[in-house]
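I opened this entry to keep track of what I looked up, in the order I looked it up. The structure comes first, then my notes.

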Amino acid sequence: MKMRAMILDKCAPIETSPLRLAEIDRHEIQRPDEILIKIEACGVCHSQLHGIEGDWQDIGIPPVLPTVPGHEVVGRVVKTGQNVTKFKPGDRAGITPLLEACRKCRYCKEGKEYLCESSVITGESLRGGYAEYITAPEDFATRVPDTMSPEYAAPLFCAGITAYKAVKAAEPQNHKKIGIFGIGGVGHMAVQFARMQGCDVVAVSRNAGHLGVAERLGAAHTIQYTDNQDVFLSGLESECGLLDAAIVFAPSDKVTDTAIKSVKKGGMIVIATVGERPAFMAFEEKTIRGTLIGSTADMEEVIRTCEEGNVEVVTQTFPLERANEALKKLKDSEVQARAVLIP
């Protein structure tokens, strides 16, 4: 059997439409613990754009070509392996960027399987979400309620869990002033998760439209980012004072440096993107920590929180074959928050 998929043969600027629509062999269950999912929606992540354009080839992303990108997937289970107990045909399931891990190493045993050295990443082989079907081990898939629409649920499986985990890493408290640098697909959810913890959110973005979304979602302050660091820091101090903590989603070393300088002495900076090691003054006793998606248990928590907490996911949908267009709009900051592909 065949399926439609968007294939990347060679990394290239998105303006050249490097993804091509093709018919490839449909994935089939290979192991007794796997499920086969008919994809209903796949979110379009900014990190996927970097992979497609070749920005991260120096760190081995993508590891193989050709590949089918896409790593935040929701769909219906259509077939199960003989040992599967968690799902049955007809159930809805979602997959994060962590497609599978070894389950034997120290990280897996500690419940931090996302740090596993032998992990398999969704969208870095032919098993990606820009397609009609995908297989996954049942332990690395999460149940999705029927009450969630596909375009709502899919972004939760990367943007949602990244935002949730980053806010958690910032050690949120009531009226703690948290700056969120980068208000896009991930940042707009982080605004909401931080507010649910009682934090006063300061949203920072270059894009005025994104700041409008942040304000509507409850940010206490919105500040437009400028590359002139002195001007930005002066504006921040006069608007709301130094931050207790900052979370960085914008993949820019300059933004990270600005975020560090925006935080008071003894504060926390959470870096949730790829970048160079930042410089900071040790005597200021600031804490800088990284964060990376999360575990299956974290993902279940995200689904539960969104189901109970009325979290809004701002999306714009595109048919699968318009993946190049969706990514180009993302690159040009023309997507309000999260683009989602519908096969």
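How many salt bridges does a search of the whole structure find? I ran through the whole structure and the count is 31 salt bridges. I note here that the model is a predicted one.

**Entry: R92 and E40**

I looked up R92 and found a salt bridge to E40, with 3.1 Å between the closest N and O atoms. R92 belongs to strand 5 (residues 92-95) and E40 to strand 3 (residues 34-44), so I wrote the pair down as a link between distant parts of the chain, 52 residues apart. Is R92 buried or exposed? R92 counts as buried, because its relative accessibility is 3% and the cut-off for buried is under 20%.

**Entry: D146 and R76**

Next I checked D146, which forms a salt bridge with R76; their closest N and O atoms are 3.2 Å apart. This pair also links distant parts of the chain, 70 residues apart. I located D146 in the loop between strand 9 (141-143) and helix 3 (150-153), and R76 in strand 4 (residues 73-80). I then looked up accessibility for both partners. D146 is exposed, at a relative accessible area of 58%, whereas R76 counts as partly exposed at 31%.

**Entry: D244 and K264**

I turned to D244 and K264, whose side chains meet in a salt bridge at 2.8 Å, N to O. K264 I recorded as partly exposed, with a relative accessible area of 36%.

I also noted a network: R31, E34, E100 and R127 are joined into one by salt bridges that share partners.

**Entry: helix 7 and helix 8**

Last, I looked at how two helices pack. Helix 7 covers residues 229-239 and helix 8 covers residues 253-262. At what angle do helix 7 and helix 8 pack? The angle is about 35°, and their axes are 11 Å apart. I noted the crossing of helix 7 and helix 8 as right-handed.

For the residues in contact, I listed Q229, F232, L233 and L236 on the helix 7 side. On the helix 8 side I listed K254, D257, T258, K261 and S262. Sorted by class, this contact has three nonpolar, three polar and three charged residues.

Notes:
Residues numbered from 1 in each chain as written. Predicted model: local features only at pLDDT ≥ 70, side-chain atom pairs only at ≥ 80, totals over all residues. Heavy atoms only, no water. Axes fitted to C-alpha atoms, helices over the stretch in contact; angles between N-to-C directions. Helix = DSSP H or I, 4+ residues; strand = E, 2+ residues; numbered from the N terminus. Left-handed = near helix turned anticlockwise from the far one by under 90°. Contact = heavy atoms within 4.5 Å. Nonpolar A, V, L, I, M, F, W, Y, C, P; charged D, E, K, R; others polar. Salt bridge = Lys/Arg side-chain N within 4 Å of Asp/Glu carboxyl O. Buried < 20%, exposed > 50% of the residue type's maximum accessible area, 1.4 Å probe, protein only.
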